[in-house]
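Reader: I'd like to learn how to read a model like this one, feature by feature. Could you walk me through it?

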Amino acid sequence: MAMQAPLTNTSTAPSVAVVGGGPAGLMAAETLAEAGCRVDVYDAMPSVGRKFLLAGKGGLNLTHAEGIEAFLARYGARRGALEPMLRSFGPESLRAWAAGLGIQTFVGTSGRVFPRDLKAAPLLRAWLHRLRVAGVRFHMRHRWLGWSTDGALRFAAPQGELAIGPVAVVLALGGGSWVRLGSDGAWVPLLEGRGVLVAPLVPSNCGFDVGRTAAGPAAGGWSEHLRSRFAGAPLKPVALRFDEAGFARQGEFVVTESGIEGSLVYAASAAIRDAIAAKGEARVELDLLPGRDAASVLREVMHARGPRSLATHLKSRLGITGVKAALLHELLPRDALNDGVRLAAALKALPLRLARPRPLDEAISSAGGVPFEALDAGLMLRALPGVFCAGEMLDWEAPTGGYLLTACFATGRAAGQGVLAWLASTHKA
Ligand SMILES: Cc1cc2nc3c(=O)[nH]c(=O)nc-3n(C[C@H](O)[C@H](O)[C@H](O)COP(=O)(O)OP(=O)(O)OC[C@H]3O[C@@H](n4cnc5c(N)ncnc54)[C@H](O)[C@@H]3O)c2cc1C
């Protein structure tokens with residue numbers, strides 16, 4: 001194994017390694033480079049920011065424009081830990097930072113903030129250019145393997161295994177979803193091996209498999225009819241209620257091969273996931289007619305239908321067709337379908353059992369990770385002085401809506417500042 005010190009120039013500036021070139025790592029690198037550190041970014045993939053680029057595919061939702069109190073509340077139990085960082089570098093700072101890269105942003109419907117062209121690539125391109133100009137060096141295809149016995153960082157690199165000894169390191173290795181984009185959670189045992197208790201990575205903003213339905217197989221899952229005809233079909237508008245978590249919201253989601261996914265499901269996913277972990281399943285209710293009150297639905301269902309079929313009746317009186325009609329047949333026993341009062345009630349509160357979250361790899365983000373209790377206020381691991389953590393690998397979660405990226409940027413910046421404060425306090429700067 002070659003021992004390679006990155007201190008190859010004559011500068012006396014401290015050398016800091018950033019491992020992981022996602023938004024959190026790049027923001028840490030920028031903060032450090034601006035302060036005069038020599039910064040080396042290492043990433044296992046052939047290029048940085050792959051998940052960030054994917055996030056831009058459907059429109060890069062950078063942050064959210066709601067008031068700061070509502071914004072902070074999105075981080076739930078971890079609000080307290082993240083608040084100082086989000087107040088220091090929150091939605092407005094992020095928009096100003098993007099503007100500094102020549103990327104203007106706009107507030108879309110529902111307050112979500114996007115780059116004007118919706119894309120991630122121009123922002124990433126401009127950012128990487130600025131980082132290179134600031135002296136940041138990039139080392140691609142460098143997979144971090146942990147520490148050698150003498151405390152150096154070990155990497156598997158194209159030229160073989162090497163070790164480096166920076167004065168500080170920021171780990172920004174991401175969560176455990178979408179492994180093919182680089183974040184595979186392989187860092188968990190590396191930190192655990194050094195005495196850091198890591199909360200297991202679990203899916204967040206994820207879809208779910210359905211449990212047993214009235215028409216489906218005994219083992220659970222959709223019937224062949226629903227799966228083959230409606231997998232991929234969007235439900236909108238629809239409301240989802242998960243009473244035990246006090247969740248009730250209108251939105252949209254899609255029926256999948258084995259269950260449900262989409263923005264409305266993601267919004268409730270943390271509570272549903274936790275309920276399944278505690279009880280084995282979660283029961284949600286769907287309101288297929290969120291724009292109508294229960295009394296008017298009952299009135300329309302009970303309207304004389306003469307010789308018309310139930311399907312024609314529901315279509316003409318209430319506009320229930322396609323996947324919504326199919327879900328009624330999937331989830332309601334036949335006697336309920338034939339009972340107007342029960343059918344009307346089900347149109348407003350159709351019970352659906354959810355058996356398990358989809359695998360972590362499919363999730364938009366991960367919950368779990370390095371707990372804030374293991375870190376000091378500068379995001380340095382108490383057990384490993386000089387080792388800082390940032391981004392999705394920290395133990396927090398938030399819904400989609402720009403909250404994920406905002407906290408990744410904010411914690412990346414905080415970790416960079418944490419390094420600077422630590423260097424100053426240890427007289428290494
Ligand atoms: C489909 C999709 C859409 C999304 N859309 C949005 C959105 O619109 N808005 C939003 O706010 N969020 C969105 N997100 C979430 C957001 O992209 C992530 O939360 C964010 O990228 C996490 O940033 P990070 O820097 O912590 O980690 P990552 O972006 O995952 O970066 C981690 C980096 O570490 C590297 N790495 C990992 N292990 C090693 C190792 N051992 N050695 C070296 N390098 C390593 C990886 O290669 C990777 O480059 C989306 C996610 C997905 C999957």
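Reader: Let's start with strands. Which residue stands opposite Val 113 in E6?

Author: Keep in mind that this is a predicted model. The residue opposite Val 113 in E6 is Val 107. Val 107 belongs to strand E5 (105-107), and E5 and strand E6 (residues 112-115) run antiparallel, joined by three bridges.

Reader: What is the strand order in that open sheet?

Author: The order is E4-E6-E5, three strands in all, with antiparallel pairing.

Reader: And why is one side of E4 and of E5 left without a neighbour in the sheet?

Author: Look at how many partners each strand has. Strand E4 (63-64) and strand E5 each have a single partner strand, so they stand at the edges and one side of each has no neighbour in the sheet.

Reader: On to the ligand. Which residues come nearest to it?

Author: There are 29 residues around the ligand, and the nearest are Asp 43, Asn 61, Trp 144, Glu 392 and Leu 405. Asp 43 uses a polar side-chain atom, 2.6 Å from an oxygen atom of the ligand. With Asn 61 it's a backbone N or O atom, 2.8 Å from a ligand nitrogen atom.

Reader: How much of the ligand's accessible area does the protein cover?

Author: On its own the ligand has 1,000 Å² of accessible area, and the protein covers 94% of that. Helix H1 (23-34), helix H2 (50-55), strand E8 (143-147) and helix H15 (403-425) each give two or more residues to the shell. By class, the shell has 15 nonpolar, 10 polar and four charged residues.

Reader: Now pockets. How do you find empty space in the first place?

Author: You roll a probe the size of a water molecule over the atoms, and that shows where space is left empty. Here, the second largest pocket has a volume of about 470 Å³. Its lining counts 26 residues, and those closest to the centre are Arg 74, Ala 267, Ala 270, Glu 397 and Pro 399.

Reader: Which element gives the most to that lining?

Author: That's H9, with seven residues. Helix H9 (263-279), strand E15 (247-255) and strand E19 (365-369) each supply at least two.

Reader: And what does the lining look like by class?

Author: In the second largest pocket you'll find 15 nonpolar, five polar and six charged lining residues.

Definitions and conventions
Residues are numbered from 1 along each chain as its sequence is written. This is a predicted model: local features need pLDDT of at least 70, side-chain atom pairs count only at pLDDT 80 or more; totals for chains, interfaces and linings use all residues. Side-chain values use heavy atoms; hydrogens and water are left out. On a 1 Å grid over the protein atoms alone, a cavity is a set of points where a 1.4 Å probe fits but cannot get out, and a pocket is an open set with protein on both sides within 12 Å along at least five of seven lines; lining residues have an atom within 4 Å of a point. Grid points are joined across faces, edges and corners, and a volume is the space filled by probe spheres set on the points. Helices (H or I, at least four residues) and strands (E, at least two) are DSSP runs, numbered from the N terminus. Ala, Val, Leu, Ile, Met, Phe, Trp, Tyr, Cys and Pro count as nonpolar, Asp, Glu, Lys and Arg as charged, and the others, Gly among them, as polar. A residue is near a molecule or strand if one of its heavy atoms lies within 4 Å of it. A polar contact is a pair of N or O atoms within 3.5 Å; within protein, one must be able to donate a hydrogen and the other to accept it, and residues adjacent in sequence count only if both atoms are side-chain atoms. Accessible areas come from the Shrake-Rupley method with a 1.4 Å probe; for residues, only the protein chains shown count as cover. Two strands pair if DSSP finds at least two bridges between them.
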